[in-house]
Number of protein chains: 2
Amino acid sequence: LEATLWAEVEPDASRRLIQAAVAAFSEHGYEATTTGEIADRAGLSPAGMYIHYPSKADMLFEIASTAHAAALAAVENAVQRHELPTERVHAFVEASVRWHAEHHVAARVIQSELAALSPEHFGHVRRLRDSYERLLKRDIRRGLADRVFTTDAADIAILAILSLGIDVARWYRAGIHPSPERLGAAYADLALVMLEGAGVRAEVGT
Amino acid sequence: LEATLWAEVEPDASRRLIQAAVAAFSEHGYEATTTGEIADRAGLSPAGMYIHYPSKADMLFEIASTAHAAALAAVENAVQRHELPTERVHAFVEASVRWHAEHHVAARVIQSELAALSPEHFGHVRRLRDSYERLLKRDIRRGLADRVFTTDAADIAILAILSLGIDVARWYRAGIHPSPERLGAAYADLALVMLEGAGVRAEVGT
């Protein structure tokens with residue numbers, strides 16, 4: 001499943017380089033990885049690599065932009081099948097959690113190396129992240145306006161829902177943890193509970 | 001507040017080295033940081049550093065073991081003032097979220113560098129993490145037995161509650177986000193909602 005993320009990276013040598021870079025960054029971190037190691041892992045000479053990616057920074061940007069675009073597409077596809085805010089928020093969380101579980105190696109590399117992107121590269125990624133967050137926030141605001149969501153701490157619920165999805169990439173291990181499907185569905189239920197229940201709970205819980 | 005974490009590291013030069021190491025690891029990652037850079041930042045010669053910490057690995061272990069022990073002490077102190085499972089779970093989440101917000105720089109370094117610890121060092125840290133998780137799980141199990149928690153997916157709620165606390169260290173920025181106190185109290189409310197409400201929601205949400 002990790003490999004499907006790079007299916008559209010062409011030609012073949014570029015795709016091999018990207019997969020090699022993800023593996024190397026995942027093992028040693030971006031800063032400690034050399035371009036020589038990435039070329040080695042991809043079975044290319046440094047000159048052969050240079051044709052495809054002139055620098056390690058270009059590979060990190062390819063990885064980060066491809067993965068962010070894919071995560072955004074996954075949640076957009078999921079929500080557009082629904083009308084109601086509750087259904088759309090449920091679909092968003094289910095899709096985002098599944099995505100981060102299925103692609104946890106790449107997602108973990110990207111989360112931990114965001115600070116290594118150049119300002120220009122980060123700007124591009126930031127816009128994709130903003131679109132992703134806006135999609136969720138818009139439906140939560142609609143649900144609050146319709147009074148189907150009754151939380152009195154929507155800002156905190158939004159932080160929590162976004163955090164839960166992304167943090168899956170840190171701790172998820174295939175085979176040990178619940179399947180991406182079960183985790184996605186269960187976390188989506190929890191997101192709705194948080195949006196509906198927090199207002200009630202605030203009185204009792206403190 | 002970050003500095004309070006190292007107050008008990010003695011002597012003064014050791015404490016300066018630990019604070020320098022946290023700052024350097026936070027900027028470049030553990031693997032790309034040199035011992036020379038850490039000594040420089042702490043205002044010591046490499047030989048002066050060597051007396052206190054023979055290697056970079058020893059500093060990472062001091063950081064990870066001190067911080068894990070402090071996080072465990074924070075949640076233990078918080079829960080022991082309460083009797084009921086709902087109160088104890090609320091206190092656990094409130095304290096753990098506050099701790100991760102207050103010490104987010106150190107906590108973020110540690111979370112992202114766990115894999116860099118030697119097997120022996122990791123074993124020590126793993127035991128502290130297990131004690132931390134067990135404290136939460138025991139009270140959740142008690143609450144389930146007493147039927148004050150009615151979730152039918154307790155394993156998922158536990159993953160979510162632990163994840164929410166730790167992930168604060170990744171995204172938290174002082175001044176931009178809610179105060180550690182407000183975030184802790186609100187997340188604690190959300191934790192109880194998740195444990196009480198998920199059973200109900202599972203029917204409606206899917």
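1. pLDDT is the predictor's confidence in each residue, on a scale from 0 to 100. The term is needed at the outset, for this is a predicted model. In chain A, pLDDT stays under 50 over residues 198-206.

2. The average pLDDT of chain A is 93, and 94% of its residues score at least 70. Among the elements of the chain, helix α7 (residues 119-145) of chain A has the highest mean pLDDT, 98. The lowest mean, 77, belongs to α9(A). For the complex, the predictor gives an ipTM of 0.91 and a pTM of 0.92.

3. The fold of chain A may be described next. Chain A has nine helices and zero strands, and its pattern along the sequence reads α-α-α-α-α-α-α-α-α. Taken along the principal axes, the C-alpha atoms of chain A fill a box of roughly 65 × 35 × 35 Å.

4. Of the 206 residues of chain A, 55% count as buried. Among contacts in chain A between residues at least 6 apart in sequence, 71% join residues at least 24 apart.

5. The interface deserves a point of its own. The size of an interface is often given as the accessible area lost when the parts come together. Chain A and chain B bury about 3,200 Å² between them, with 65% of it on carbon and sulfur atoms. In terms of residues, 38 of chain A are in contact with 38 of chain B.

6. Which elements give two or more residues to the side of chain A that touches chain B? They are α1 (12-28), α6 (104-113), α8 (154-171) and α9 (180-205) of chain A. The largest share, 15 residues, comes from α9(A). By type, the residues of this side divide into 19 nonpolar, eight polar and 11 charged.

7. Specific pairings also cross the interface. Between chain A and chain B the count is two salt bridges. In one of them, the side chains of B:D155 and A:R182 meet at 3.0 Å, N to O. Six residue pairs across the interface are in polar contact, both residues being at pLDDT 80 or more.

8. B:L192 is found in helix α9 (residues 180-205) of chain B. Why does B:L192 count as buried? The reason is its relative accessibility of 1%, where buried means under 20%. B:L192 and B:H90 are 102 residues apart in sequence, yet their C-alpha atoms are 6.9 Å apart in space.

Note on methods. Residues numbered from 1 in each chain as written. Chains lettered and ligands numbered in written order. Heavy atoms only, no water. Contact = heavy atoms within 4.5 Å. Buried area = accessible area lost by both parts, 1.4 Å probe. Salt bridge = Lys/Arg side-chain N within 4 Å of Asp/Glu carboxyl O. Polar contact = N/O pair within 3.5 Å; in protein donor to acceptor, adjacent residues only side chain to side chain. Helix = DSSP H or I, 4+ residues; strand = E, 2+ residues; numbered from the N terminus. Nonpolar A, V, L, I, M, F, W, Y, C, P; charged D, E, K, R; others polar. Buried < 20%, exposed > 50% of the residue type's maximum accessible area, 1.4 Å probe, protein only.
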